[in-house]
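Subject: Structure handover

Hello,

Here is the structure I promised to pass on. Please open it first, then read the notes below it.

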Amino acid sequence: MARISYVDRGEMPADKRELLDTLSNEDGDETNRNHSLSGGTLNVYRAIGRNVDLLEGFRRYGSLVWQESGLSPHERELVILATAYHAETAYEWQQHVRVALDEGMDPQRILAISREELERLEPAHAALVEYVEQFVGGAVDDATHERLSQHYSDGVIVGVGMLAGCYLGLARVLQALEVDLEREFVGWDLENW
């Protein structure tokens, strides 16, 4: 059970209620939506919604790093899943397994992260996951940075750090508040998918 109460849509100012909608519920061209995070309101937004201004800013920032990191959708999800796995946050893992699969990612690539079998990934993607593991741990060594820089530009490396940092910060908030999953945990091994 969460340590704080979740905000309900009716408690939000009318002009801010859309902040509780998932990204795929936002206005815009439905053909550009590549994932199915829709239907209902996610507990992450209901928890952060206790501070409407922070939720609004977080949504803007999260959308920016999601869209402007310089990564493809599969690379973006590898970064987020690696962050979730190494930060040990089931909530982020749960949501982004869904997004990754909706983006067409092979479940075996997702399992390569949670089984720590990076040799199953192509070298650029293995470098991404290894970099994120060290990033979450608090120190990226020179060799790991160099491996990543063989595949990605400096600007994309900044994007990787900003994306991983956004989701690492969110992971710590989710853990501190003990935000509940909306459904049964998919499992680190996807055993409940």
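Is Trp93 buried or exposed? Trp93 is buried, because its relative accessible area is 0%. Here buried means under 20% relative accessible area, exposed over 50%, and partly exposed in between, with a 1.4 Å probe and protein chains only.

Two points on how to read this. The model is predicted, so to speak: local features need pLDDT of at least 70, side-chain atom pairs count only at pLDDT 80 or more, and totals for chains, interfaces and linings use all residues. Residues are numbered from 1 along each chain as its sequence is written, and side-chain values use heavy atoms, with hydrogens and water left out.

**Overall build**

The protein has 8 helices and 0 strands. Helices (H or I, at least four residues) and strands (E, at least two) are DSSP runs, numbered from the N terminus. The radius of gyration is 17 Å, close to the 16 Å that the globule rule gives for 193 residues, so the protein is as compact as a globular protein of that length. That radius is taken over C-alpha atoms, and the rule is 2.2 Å times the number of residues to the power 0.38. Of the 193 residues, 49% count as buried.

**Aromatic rings**

The whole structure holds 4 aromatic pairs. Rings of Phe, Tyr and Trp (its six-membered ring) pair if their centres lie within 6.5 Å; planes under 30 degrees apart are stacked, over 60 edge-to-face, and the rest tilted. Tyr85 and Trp93 make a tilted pair, 6.2 Å centre to centre with 55° between the planes. Both Tyr85 and Trp93 are buried. Trp93 also pairs with Trp188: the centres are 5.3 Å apart and the planes at 45°, so this pair is tilted. It links distant parts of the chain. Trp93 sits in helix α4 (residues 90-102), and Trp188 in the segment after α8 (154-177), 95 residues apart. Trp188 counts as partly exposed, because its relative accessibility is 27%. Tyr85, Trp93, Phe185 and Trp188 form one aromatic cluster.

**Helix α3**

Helix α3 (residues 73-87) has 15 residues. Of these, 13 are buried, so α3 is largely enclosed by the rest of the structure. Glu88 follows α3, and its phi is positive, near 60°.

**Charges over rings**

Arg76 lies over the face of Trp66, 3.8 Å from the ring centre. Arg59 lies over the face of Tyr45, at 4.1 Å. The test is NZ of Lys or CZ of Arg within 6 Å of the ring centre and within 35 degrees of the ring normal.

Best wishes

Terms used
Expected span 1.5 Å × (residues − 1).
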